Amino acid sequence: MTMKTRPVPDPVALDEVDLADPLLHARHDLGPLWRRLRAEDPVHWQPEGRHGPGFWVVSGYADVAAVLGDSETFTSERGNVLDTLLAGGDSAAGKMLAVTDSRPHQALRSALLKPFSPRSLEVVVDSVRRGTRRLVAEAVERGTADFAADVAAHIPLAAICDLLGVPAADRGHIISLTSSALSSADGVPDEEATWSSRNGLLLYFSELAAERRRKPYDDVVSLLVNREVDGRPLTHEEIVFNCYSIIMGGHETTRFAMVGGLHALMERPGQWRALKSGAVSTSSAVEEVLRWTTPALHSGRTAAQDVLLGDRFVEEGDIVTVWMASANRDERVFDRPDVLDLSRSPNKHLSFAYGPHFCLGAFLARAELSALLESLRDLVAEAEPAGEPEYVYSNFLSGLSALPVTFHAETL
């Protein structure tokens, strides 16, 4: 078990902290480090280390938003997460929405906008509400549950699998693959196991896409198979990579927001009572949970040209990482940023990123979190820890891989 009870030891120099190390994020509260970086070195150069070449660490809200909003200067086309960039680039570059820019990005995004629109998602959201209430009710009836595995893991996965047309019988397999493709629950991710999980997902969606060519359904995979982008059909590889991106983007981050949200509420009875009583709206609570948990720690870019960022000279080809985990606690933007305030307004967090790569599934993620908070509010009188939580090992995702909880039912 790992507990985030210790801040990062105050180093002699910031250069001694390796932000590429999954152990650092799993075992330490990085709040003090982020405050120091924002104050002393908001555009910080982390030198070459055992995880790979050096890279820029951008920690302030304004600088993070500036990088995310400028895809011409800071491109995603060589990769958008640190591990991929340190390894030399992303094999899906130019083929997957998350790692394309400019016109190809706009064309592919336009093709995917409709199925992720509020109107198109009405049926999925209704299903999410019913499924979430059932999962919470079952956990409450049992009394004790691992909220991460028994409840949170199933809600976003069900919604995304409904959209992609993944059969119910395959969803347990998909959960296991997504959970180990970007992180590990039991120590530093093993590179071979990580690649095996990613390749397993790609193989699964390759076979599903082939099936949809033969027999299309009303799902996103069939849409991609039959859709033209810029006057040409998508290649099989492009279809597979984008299915992978949708399942990863739609499952892991929302799951961690859900688990982290309940964990935070159990530690703050006043905020739980505010939610229960209706003193705060569900929509406001959703936004604060997203800010508080910030499930995607960072986003990665490559400088496409020489540029001055803050007061630092960034050279063409440099890896630039922007840390939403820090930006969402920037005291220049958020009043009392280290306080969970479900009534916080305004709340312009960057948990869904910003600019051209703003999360396509933001509406669905908000609907899923809303359904969960409403179910907890209605069905749970009190929730309390039933064991120690366990943190995921990753330098990209932040969250709890296990959260044992005892639920006390709301009496009518």
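## Pairing of β4 with β12

The bridge partner of W56 in β12 is V320. Strand β4 (residues 55-58) runs parallel to β12, and the two pair over 3 bridges (pairing requires at least two DSSP bridges between two strands; strands are DSSP runs of E with at least two residues, helices runs of H or I with at least four, both numbered from the N terminus).

The model is predicted, so local features need pLDDT of at least 70 and side-chain atom pairs count only at pLDDT 80 or more, whereas totals for chains, interfaces and linings use all residues. Residues are numbered from 1 along each chain as its sequence is written, and side-chain values use heavy atoms, with hydrogens and water left out.

An open sheet of 5 strands has the order β3-β4-β12-β9-β5, with mixed pairing. Its edges are β3 (43-46) and β5, each of which pairs on one side only. Packed on this sheet is helix α3 (residues 61-68), which touches β3, β4, β5, β9 and β12 (contact: heavy atoms within 4.5 Å). The direction of α3 makes about 125° with that of β12 (axes are lines fitted to C-alpha atoms, for helices over the stretch in contact; angles between N-to-C directions run from 0 to 180 degrees).

## Strand β9

β9 pairs on either side in the antiparallel sense: with strand β12 (residues 319-323) over 5 bridges, and with strand β5 (residues 74-75) over 2 bridges. G300 has T321 as its bridge partner in β12, while T75 is bridged to T302 of β9.

Strand β9 (residues 298-303) is largely enclosed by the rest of the structure, because 6 of its 6 residues are buried (under 20% relative accessible area with a 1.4 Å probe, protein chains only). H298, G300 and T302 point one way from β9, and S299, R301 and A303 point the other way.

The whole structure holds 2 cavities of 30 Å³ or more (a cavity is a set of points, on a 1 Å grid over the protein atoms alone, where a 1.4 Å probe fits but cannot get out; lining residues have an atom within 4 Å of a point).

The lining residues are A257, M258, G261, L262, V289, L369, L372, L373 and L376. The elements giving two or more residues to this lining are α12 (236-267) and α16 (362-379).

Definitions and conventions. 1 Å grid on protein atoms, 1.4 Å probe; cavity = no way out; pocket = protein on both sides within 12 Å on 5 of 7 lines; lining within 4 Å. Points joined across faces, edges and corners; volume = space filled by probe spheres on them. Buried < 20%, exposed > 50% of the residue type's maximum accessible area, 1.4 Å probe, protein only.
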